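Subject: Structure for you to look over

Hello,

Here is the structure I promised to hand over. Please open it alongside this note, which says what I found.

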Amino acid sequence: NDSAREADELAEFCREIMNQVPGCKLICNLIPFNDIGQDRYEKPEMERVVAFQKRLHQQGICAHIRATRGDDESAACGQLATKKKAQEQLVA
């Protein structure tokens with residue numbers, strides 16, 4: 001979900017919020033996916049993340065790229081719990 005189209009959709013969603021909430025200061029935190037070995041998703045190249053951020057900025061949306069932590073342990077963004085649960089299911 002890091003395409004230009006999806007960036008445009010997110011920008012539109014953010015503008016709707018800002019238009020409906022007077023004085024709203026909206027910031028998007030972009031968190032790159034941490035690869036945990038599942039086939040459905042993969043970690044994006046940093047260039048794609050930066051391009052996504054730039055597209056949001058061009059549309060007046062403040063967006064920050066969050067630093068990932070725990071990548072080497074599949075522990076970023078709650079994925080440690082996901083991996084642990086999958087391992088428990090294999091044992092059961």
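Predicted model: local features only at pLDDT ≥ 70, side-chain atom pairs only at ≥ 80, totals over all residues.

One term first: a residue counts as exposed when its relative accessible area is over 50%, and as buried when that area is under 20%.

**Overall layout**

The protein chain has 3 helices and 2 strands. Along the sequence they run α-β-α-β-α. The chain holds 92 residues, and 21% of them are buried. Take the contacts between residues at least 6 apart in sequence: 64% of these join residues at least 24 apart.

**Helix 1**

Helix 1 covers residues 4-20. Its 17 residues should span 24 Å at 1.5 Å a residue, and the end C-alpha atoms are 24 Å apart, so the two values agree. Which residues of helix 1 are buried? They are Ala-7, Ala-11 and Cys-14. These buried residues lie within an arc of 65° seen down the axis, so they line one face of helix 1. An α-helix has 3.6 residues a turn, so residues three or four places apart point the same way. The buried residues of helix 1 pack against strand 1 and helix 2.

Asp-8 is also in helix 1. Its relative accessible area is 26%, which makes Asp-8 partly exposed. Beyond residues up to four places away in sequence, Asp-8 touches Arg-55 and Gln-59. Asp-8 and Gln-59 are 51 residues apart along the chain, yet their C-alpha atoms are separated by 8.2 Å.

**Helix 2**

Helix 2 runs over residues 46-58. For its 13 residues, 1.5 Å a residue predicts a span of 18 Å; the end C-alpha atoms are 18 Å apart, which agrees. Val-49, Phe-52, Gln-53 and Leu-56 are the buried residues here. They cover an arc of only 95° around the axis, so they sit on the same side of helix 2. Glu-47, Lys-54 and Gln-58 are exposed on the other side.

**Gln-53 and Leu-30**

Look at these two together. Gln-53 is in helix 2. Its relative accessible area is 16%, so Gln-53 is buried. Leaving aside neighbours within four places in sequence, Gln-53 is in contact with Leu-30, Ala-63, His-64 and Ile-65.

Leu-30 belongs to strand 1. Is Leu-30 buried or exposed? It is buried, with a relative accessible area of 10%. With neighbours within four places again set aside, Leu-30 is in contact with Val-49, Phe-52, Gln-53, Leu-56, Ala-63, His-64, Ile-65 and Arg-66. Val-49, Phe-52, Gln-53 and Leu-56 in that list are the buried residues of helix 2. Leu-30 and His-64 are 34 residues apart in sequence, but 5.9 Å apart in space, C-alpha to C-alpha.

**The largest pocket**

The largest pocket has a volume of about 430 Å³. It is lined by 16 residues, and the closest to its centre are Asn-1, Asp-2, Pro-32, Phe-33 and Pro-44. By class, the lining has 8 nonpolar, 2 polar and 6 charged residues.

Which elements contribute to the lining? Strand 1, at 27-30, and helix 2 each supply at least two residues. Helix 2 gives the most, with 3 residues.

**The loop between strand 1 and helix 2**

Glu-42 lies in this loop. Its relative accessible area is 66%, so Glu-42 is exposed. Glu-42 and Pro-32 are 10 residues apart in sequence and 9.6 Å apart in space, C-alpha to C-alpha. Pro-32 is among the residues closest to the centre of the largest pocket.

**Where to start**

I would begin with helix 2.

Over to you.

Best wishes

Definitions and conventions:
Residues numbered from 1 in each chain as written. Heavy atoms only, no water. 1 Å grid on protein atoms, 1.4 Å probe; cavity = no way out; pocket = protein on both sides within 12 Å on 5 of 7 lines; lining within 4 Å. Points joined across faces, edges and corners; volume = space filled by probe spheres on them. Helix = DSSP H or I, 4+ residues; strand = E, 2+ residues; numbered from the N terminus. Nonpolar A, V, L, I, M, F, W, Y, C, P; charged D, E, K, R; others polar. Expected span 1.5 Å × (residues − 1). Buried < 20%, exposed > 50% of the residue type's maximum accessible area, 1.4 Å probe, protein only. Arc of directions from axis to C-beta. Contact = heavy atoms within 4.5 Å.
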